[in-house]
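Have the structure open while you go through the points.

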Amino acid sequence: MMLYVLWKNIGRQVDSHQHQKMQFKLNGAMVGVGLGLTVLAATIGVMVVYLIRIGRSKNKSESVLTMFYLYAITLLMLMAAAGLVGIWIYRIDKKALDESKNPARKLDVDLLVSTASGSWLISWGSILAVLCAETHPPFTWYNLPYSILVIAEKYIQNLFIIESVHREPEKLSEDIRMLRVVTVCNGHPTSFASSCLKSRAVPGDVATQSEDMPHVVSGRMCLRGGCGQEEEGSIWEGAPGPACCPCFWQGNARRRVLRNIAAFLFLCNISLWIPPAFGCRPEYDNGLEEIVFGFEPWIIVVNLAMPFSIFYRMHAAASLFEVYCKI
């Protein structure tokens, strides 16, 4: 942990890459934040009920274990679905990946995969215990899908985070650059025509001018699509034309969806960190794995794997917060 904190604070990029300042904004992510806060409140309520009722009697313990597994199954399915949507959005995006050398980013990815192995070990043990047990309490068949979903959800979430950290930060200039702006006109028809002729005659100069976001003069811009045609339909008067709206709003819609997914997964990971950190651990309480594997072997496995599982949730939350700030 100390080495990880030192690494994160020494530097995040090499080869003269400047570190981009992260900005946290809630714009466009209220749905994800609202759902995440609802999950957080529900998780605290489930944890309180669990801690109050577990161990009181056999019936109360079985009922509260069933409640915990049903809630966790629902939450993990929602998280897996959100992660799949995010991966799908990234996969259909034609934007090139950032393959620059970045030791801190590589360390983040390695920690996500390595610390997830802790809960994967517990889950595989639970799956084997359910399949090999001679007697099956009522909550057993909820433990099986819960363990499978823990493995699948962490795999999907890791893919989503890895896809996100290898993407360049979203910028408003990318949406404006989709308009293929060539040059800026000052409002006079003659200058508009001459600038279009220039752009037609000297393509090299125009290409260099279109690399960065244009400076708007008098609210009018000359578009590449209109330079070889008539003046009408080639000037943007502050409100985007019919051909410009779809691209612009598609970019904004994509950014909003990804922000909501990142915010929702961030709060869900905090929610899943709280129960094991405060003593809500069905791996100790259901007794099924102890019967199959024996008390001492199973307790050793859980004691070794549980810290990795707890650390994974906090590290995943930190990574998702960073992803949210980049989008």
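Let's begin with helix α2 (residues 30-53) and α3: in this predicted model, their axes come within 9 Å and cross at roughly 160 degrees. An angle over 145 degrees counts as roughly antiparallel, so that is how α2 runs relative to α3.

**α2 against α3**
- The crossing of these two helices, α2 and α3, is left-handed.
- On the α2 side, the contact is made by Val39, Ala42, Thr43, Val46, Val49, Tyr50 and Arg53.
- Facing them from α3 are Lys60, Ser61, Ser63, Val64, Leu65, Met67, Phe68, Tyr71 and Leu75.
- Sorted by class, the α2 and α3 contact has 11 nonpolar, 3 polar and 2 charged residues.

**α3 against α5**
- Helix α3 (residues 58-92) also packs on helix α5 (residues 140-165), with the axes 8 Å apart and an angle of about 30 degrees.
- Angles under 35 degrees count as roughly parallel, so α3 and α5 are roughly parallel.
- This crossing of α3 and α5 is left-handed.
- In the contact of α3 with α5 you'll find 20 nonpolar, 6 polar and 3 charged residues.

**α4 against α13**
- Helix α4 (residues 103-132) meets helix α13 (residues 295-326), and their axes come within 8 Å and cross at roughly 140 degrees.
- That angle makes α4 and α13 oblique to each other.
- Here α4 passes α13 in a left-handed crossing.
- From α4, the residues in contact include Asp108, Leu111, Leu112, Thr115 and Ala116, plus Gly118 and Ser119.
- Their partners in α13 include Trp298, Val301, Val302, Met306, Phe308, Phe311, Tyr312 and His315.
- By class, the α4 and α13 contact divides into 14 nonpolar, 8 polar and 1 charged.

- The chain averages a pLDDT of 75, and 64% of the residues score at least 70.
- Residues 12-20 have a pLDDT below 50, and this stretch has 13 contacts in the model beyond near neighbours in sequence.
- Residues 172-249 also have a pLDDT below 50, with 76 contacts in the model beyond near neighbours in sequence.
- Where pLDDT is low, predicted coordinates should not be read in detail.

Definitions and conventions: Residues numbered from 1 in each chain as written. Predicted model: local features only at pLDDT ≥ 70, side-chain atom pairs only at ≥ 80, totals over all residues. Heavy atoms only, no water. Axes fitted to C-alpha atoms, helices over the stretch in contact; angles between N-to-C directions. Helix = DSSP H or I, 4+ residues; strand = E, 2+ residues; numbered from the N terminus. Parallel < 35°, antiparallel > 145°, perpendicular 65-115°, else oblique. Left-handed = near helix turned anticlockwise from the far one by under 90°. Nonpolar A, V, L, I, M, F, W, Y, C, P; charged D, E, K, R; others polar. pLDDT = per-residue confidence, 0-100. Contact = heavy atoms within 4.5 Å.
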